Amino acid sequence: MNGPTVSVSLNSPQFLARNSFISSSKLKTDTSRRSLGICKCVSSPPAEQTAYTTKVSRNANMAKLQAGYLFPEIARRRAAHLLKYPDAQVISLGIGDTTEPIPDIITNAMAERACALSTVEGYSGYGAEQGEKKLRSAIASAYYKDLGIDESDIFVSDGAKCDISRLQVLFGSSVKIAVQDPSYPAYVDSSVIMGQTGLYENQRYSNIEYMRCDPQNGFFPDLSLISNADVIFFCSPNNPTGSAATREQLTQLVQYAKKTGSIIVYDSAYAMYISDDCPRSIFEIDGAKEVAIETSSFSKYAGFTGVRLGWTVVPKELLFSDGFPVA
Ligand SMILES: Cc1ncc(COP(=O)(O)O)c(C=O)c1O
């Protein structure tokens, strides 16, 4: 005879994986084995399912996301390694965060501004959707001085990751993207969710161009191997390799995009850490304004990972195939 059962809820990234969804009402733990120290998970037959379900079906693209998603996979392997070698000093290249507090000149200004919202003079309703003029202008002059980018090209947001997903919505489901391999996972994930890809097989999604970047090619891809890509995500310095592209390499990239009609989405989230002559912005390269968008962030420069503040530059010169401005 079966013993009593207790429900177990699922709370892991596996939750997103294809075919991994088992509702908590269906997953029961057989406690009759507890005396043996064994806890057996069994799926109850569908007949027992009583939970109400909506008529809305799950987005099939979400179901394509893999349990093999990079960060949970790194965490899993790290935990397994530590289980085997408890004294190992592991340097994790998994999900990272900033470690220094936000400078108080910033938090004081934030506090002042927040308090002012409780006064009649200081209260403001919805802000301008592109961001405050003063901040747009400060970003343009601090980071893009003499590069031909002005405040109207800057769009302030709650971070680069959010902008990457919004750009995918802007491009739609019929574009094909290229990514550095390895790269920050947000480019691929947003592409999958938008329905730009096929299924995940042999550690790759179909309909994505993976541009290998490794010590053999100096961490810069062989662009001639790209068979065709509408949108090229390029991050410099790259997460996770840390490699920054040189002026010559970025010139090659811009010329390639111009030749093929592609748009580059250049992620400069770590650009302020560049200390040599490598460009900090794609707009340091001639002709980039006609082929590139740049997305960036205060997360890493100023400890804003939790506060959320970033921006994207979309130059007026960047046009879709029908001549319509991308901005
Ligand atoms: C390359 C890269 N771009 C963007 C982001 C996310 O930036 P934000 O915090 O502004 O969303 C990260 C965060 O790890 C990153 O590594």
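Which polar backbone atom is 2.8 Å from an oxygen atom of the ligand? That of Ala160. The legends below start there.

This is a predicted model, in which local features need pLDDT of at least 70, side-chain atom pairs count only at pLDDT 80 or more, and totals for chains, interfaces and linings use all residues. Residues are numbered from 1 along each chain as its sequence is written, and side-chain values use heavy atoms, with hydrogens and water left out.

Figure 1. A polar contact is a pair of N or O atoms within 3.5 Å. A polar backbone atom of Ala160 lies 2.8 Å from a ligand oxygen atom. A polar side-chain atom of Ser297 is 2.6 Å from an oxygen atom of the ligand. Asp267 places a polar side-chain atom 2.6 Å from a ligand nitrogen atom. Taken alone, the ligand exposes 390 Å², and the protein buries 92% of that. These accessible areas come from the Shrake-Rupley method with a 1.4 Å probe.

**Figure 2. The shell around the ligand.** The shell holds 14 residues, each with a heavy atom within 4 Å of the ligand. Asp267, Tyr270, Ser297, Ser299 and Arg308 come nearest. Helix 5 (160-171) and helix 8 each give two or more residues to this shell. Helices here are DSSP runs (H or I, at least four residues) and strands are E runs of at least two, numbered from the N terminus. By type, the shell has six nonpolar, four polar and four charged residues. Nonpolar covers Ala, Val, Leu, Ile, Met, Phe, Trp, Tyr, Cys and Pro; charged covers Asp, Glu, Lys and Arg; the others, Gly among them, count as polar.

**Figure 3. Two residues with positive phi.** Most residues other than glycine have a negative phi. Arg308 has phi near 80°. Arg308 lies in the loop between helix 8 (299-302) and strand 12 (310-313). Arg308 is partly exposed, at 30% relative accessible area. Asp146 has phi near 65°. Its loop runs between helix 4 (133-143) and strand 4 (154-157). Asp146 is exposed, at 73%. Buried means under 20% relative accessible area, exposed over 50%, and partly exposed in between (1.4 Å probe, protein chains only).

**Figure 4. Two cis peptide bonds.** Most peptide bonds are trans. The bond joining Asp181 and Pro182 is cis, with omega about 15°. Pro182 sits in the loop between strand 5 (177-181) and helix 6 (186-194). The bond from Ser236 to Pro237 is also cis, with omega near -5°. Pro237 is in the loop between strand 9 (231-235) and helix 7 (247-260).

How values were computed. A polar contact is a pair of N or O atoms within 3.5 Å; within protein, one must be able to donate a hydrogen and the other to accept it, and residues adjacent in sequence count only if both atoms are side-chain atoms.
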